[in-house]
Amino acid sequence: MKTYFNVAYTVLIFLSLLFCHISAADAADIPELVAATPLSQTAIQLQFNGELQAETAEDLNNYQIAPDAEIEYALLDQRRNRVLLMTTPLEGKKTYRLTLPNSQTGIVVTLPPVNEITFGASDAVTFSGGLQDTTLLVYKDRKTRNNNAGAEPTLLCDPTGSVFFVAFDLFDAFEDIGIREPAQVLEATISLHVQQCETDAVQTVLYRRVLLPWKEGRGTSTRAEDNELTYNSALHRELPWNRPPAQAMLSGINGDNESDYNGSEDVAHRIDGTSEIQGADKRYEFKSEHLTDAVRFWVANPDYNYGYLFALKDGNVPIVFTSKEATDATLRPLLTIRYETTADQK
């Protein structure tokens with residue numbers, strides 16, 4: 001009997017040590033909080049150094065903000081290493097302390113008067129997902145004009161007439177971040193990476209607002225489906241562009257009035273801006289007051305955000321840009337918005 005108890009005791013000790021080892025290992029695997037960025041009066045984004053489980057990340061009991069701030073809900077980002085905390089209103093420039101269960105000291109959080117966020121399809125951006133892009137390929141052979149290159153790693157504009165579309169879905173982000181007033185938007189910039197341009201001469205790319213919803217395609221090897229954007233048509237093959245490929249030059253449509261965004265036309269007559277392209281393997285910025293106004297309009301009218309068309313304005317050599325399907329996520333299209341964090345500063 002004594003031998004039996006000795007064996008049982010030994011097994012019990014072994015299991016205890018084993019469970020202690022597992023607990024320590026599990027604790028070591030828990031991602032650590034590396035940054036806490038206040039986005040607005042009611043939103044804080046947390047970034048961790050590893051993937052989280054939704055049941056843990058979205059448990060409000062795992063977060064505490066002092067003084068006098070409550071967390072209303074937590075949302076795990078699709079990248080699974082970021083959590084968006086929605087809070088009761090924070091005061092500007094006031095110091096808050098965010099505490100997590102695995103943090104004894106907490107992290108200091110202070111809301112700045114002006115902030116900057118990025119949208120795109122990589123881990124480096126503030127808000128990922130919601131990006132769509134496609135190229136409408138144009139060849140001399142008219143039979144190939146129904147191709148929609150939405151699944152390609154590149155975007156193309158060329159002298160033949162090929163153009164490309166880029167749109168950032170900001171619908172949920174504006175609401176989650178707390179950008180609710182158009183006046184909060186101070187500046188907007190689209191950044192595109194040029195992958196190939198076989199000339200040292202300066203070429204100019206223009207951009208116009210798209211006024212109709214569109215769908216990116218599945219690739220280039222097959223013809224577009226009936227409801228996909230093509231060289232000849234917008235929503236489907238029975239709805240032609242006013243002037244293919246979507247480069248409408250229509251009198252009275254300049255993007256200045258709300259009626260210009262009611263879906264009755266294709267692409268705004270007005271050119272919202274241009275960018276000079278000279279050389280490849282680098283990023284180029286597209287920004288203007290008209291682009292900033294477009295983002296302001298999308299804050300107030302998110303259902304009318306169809307993005308921009310990009311086309312070669314002056315030049316005789318194709319320019320190949322990097323799309324959201326690119327293997328290197330750091331080269332994908334980006335939209336950067338500088339904004340006021342509170343809606344009552346003016």
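Reader: Which residues line the largest cavity?

Author: Val166, Ala167, Phe168, Ile190, Trp298, Asn305, Gly307 and Tyr308. A cavity is a set of points on a 1 Å grid over the protein atoms alone where a 1.4 Å probe fits but cannot get out, and lining residues have an atom within 4 Å of a point. This is a predicted model, where local features need pLDDT of at least 70, side-chain atom pairs count only at pLDDT 80 or more, and totals for chains, interfaces and linings use all residues. Residues are numbered from 1 along each chain as its sequence is written, and side-chain values use heavy atoms, without hydrogens and water.

Reader: Which strand gives the largest share of that lining?

Author: Strand β12, residues 163-168, with three residues. Strands here are DSSP runs of E, at least two residues long, numbered from the N terminus.

Reader: And how many lining residues are nonpolar, polar or charged?

Author: Six are nonpolar, two are polar, and none is charged. Asp, Glu, Lys and Arg count as charged; Ala, Val, Leu, Ile, Met, Phe, Trp, Tyr, Cys and Pro as nonpolar; the others, Gly among them, as polar.

Reader: New topic. Where is the cis peptide bond?

Author: Between alanine 66 and proline 67. Omega there is about 5 degrees. Proline 67 sits in the loop that runs from β3 (64-66) to β4 (71-76).

Reader: What about phi of lysine 93?

Author: Phi of lysine 93 is positive, near 65 degrees, and this residue is not a glycine. Lysine 93 lies in the loop between β5 (82-87) and β6 (95-99).

Reader: Is lysine 93 buried or exposed?

Author: Exposed, at 66% relative accessible area. The cut-offs: buried is under 20%, exposed over 50%, partly exposed in between, with a 1.4 Å probe and protein chains only.

Reader: And aspartate 281, what is its phi?

Author: About 60 degrees, a positive value although aspartate 281 is not a glycine. Aspartate 281 lies in the loop between β15 (273-277) and β16 (282-286). Its relative accessible area is 62%, so aspartate 281 counts as exposed.

Reader: Sheets next. What is the strand order in the open sheet of four strands?

Author: β1-β2-β5-β4, with antiparallel pairing. β1 (33-40) and β4 are the edge strands, and each pairs on one side only. Strands pair if DSSP finds at least two bridges between them.

Reader: How many bridges join β1 and β2?

Author: Six, in the antiparallel sense, with β2 spanning residues 43-48.

Reader: Which residue in β2 stands opposite threonine 37?

Author: Glutamine 45.

Key
1 Å grid on protein atoms, 1.4 Å probe; cavity = no way out; pocket = protein on both sides within 12 Å on 5 of 7 lines; lining within 4 Å.
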